Amino acid sequence: MWVSTNETFNNATMLFQFSRKNNFCIFSFTNMKQLYSKEIHESLFSSIYSSTNKIEVDVKNVIEYLENIGEMKNLNYIFYQDKLSVKANLIITLSEGFPPFKLELELELKDENIFYSKLTCPLLKIIKQLKQNQEDLFDIIKKKDLEISEYQLVGGNISNENIKTDIFEKDNFFMNSLQNHKDLVEEIPYLFDIYSSLIEQYNIRHSDVNKQSNSISTKEENQEVQTNSIKNNSINHKAIKSSTTMEITNTSINVKKRKKSLLLKSL
């Protein structure tokens, strides 16, 4: 996970992430403008120990500490430019009463493609998913409004004033949202246009990647994919039906809940 270092570099707060892959330890830092990293094999990890350390700490303990960085508060950072490279010092206080333990890192500036794959692309993916979640919630609210209206049409009454709601209007919701975030809209007038363009470029770029990876597919495989797509569309069509039915009898109105489909459970 990314954590704030509470330190700035090039006029922006630096974030830090520690990860491991194939026996390599990866230190990553970003100020959301550049991405810096240091990769080192676990067998050489002690080489980044500062020569000024007054205590000896087992490599495994340091790595374990860094892997739980989100829960740790006793870690300080220093960033500085040294000739042609950027350096970072991680100052760890492992336990009260002991002198701090320091790691010295010489960071490598990553190119724009790595920055895109490590930061921009995941952020766009999250934004896209949040947008889809929003649309799914709108659909659920619409169904709930229809369900309540149907309940009232057959004589049902909602007696608790505290839980009564008005019919949800999607356009009004967005207008109110814009009113509540005037500062953001005024600062970036074309914010939603930028968002739409970025998402479109994301879809195009990843569509091209998928085409390249599937270029060796046979016609039979493509036909199978199309068949599965048709089946999936059929399932999705069924899934958008209301998950609630109402049974009207002479004496009462019973609301029966259907078991949610796997699609709805994931919302």
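K83 lies in the loop between strand 5 (75-82) and strand 6 (85-92), where strands are DSSP runs of E with at least two residues and helices are runs of H or I with at least four, both numbered from the N terminus. The model is predicted, so local features need pLDDT of at least 70 and side-chain atom pairs count only at pLDDT 80 or more, while totals for chains, interfaces and linings use all residues. Residues are numbered from 1 along each chain as its sequence is written, and side-chain values use heavy atoms, with hydrogens and water left out.

Phi of K83 is near 60 degrees, a positive value in a residue other than glycine. Most residues other than glycine have a negative phi. At 77% relative accessibility K83 counts as exposed; the classes are buried under 20% relative accessible area, exposed over 50% and partly exposed in between, with a 1.4 Å probe and protein chains only. N23 also has a positive phi, of about 70 degrees, although it is not a glycine. This residue, N23, belongs to the loop between strand 2 (12-21) and strand 3 (24-30) and is partly exposed, at 48% relative accessible area.

D82 is partly exposed at 27%, and K87 is partly exposed at 22%.

These strands belong to an open sheet of 7 strands, with antiparallel pairing and the order 1-2-3-4-7-6-5. Strand 1 (3-9) and strand 5 stand at the edges with a single partner strand each, so one side of each is left without a neighbour in the sheet. The twist averages 30 degrees from one strand to the next; axes are lines fitted to C-alpha atoms, for helices over the stretch in contact, and angles run from 0 to 180 degrees between N-to-C directions.

Helix 1 (residues 59-67) packs on the sheet and touches strand 2, strand 3, strand 5, strand 6 and strand 7 (101-109), a contact meaning heavy atoms within 4.5 Å. The direction of helix 1 makes about 125 degrees with that of strand 2. Helix 2 (residues 112-153) also packs on the sheet, touching strand 3 and strand 4 (35-41), and its direction makes about 90 degrees with that of strand 4.

The structure holds 10 salt bridges. One of them joins the side chains of R20 and E42, at 2.6 Å from N to O. R20 lies in strand 2 and E42 in the loop between strand 4 and helix 1, so the pair ties together parts that are 22 residues apart in sequence. R20, E42 and E67 are linked in a network of salt bridges. Another salt bridge links E135 and K170, with the closest N and O atoms 3.0 Å apart. Because E135 lies in helix 2 and K170 in helix 3 (residues 170-180), this pair ties together parts that are 35 residues apart in sequence.

For the protein chain overall, the secondary structure comes to 7 helices and 9 strands, and buried residues make up 22% of the 267 residues.

Note on methods
Pairing = 2+ DSSP bridges. Salt bridge = Lys/Arg side-chain N within 4 Å of Asp/Glu carboxyl O.
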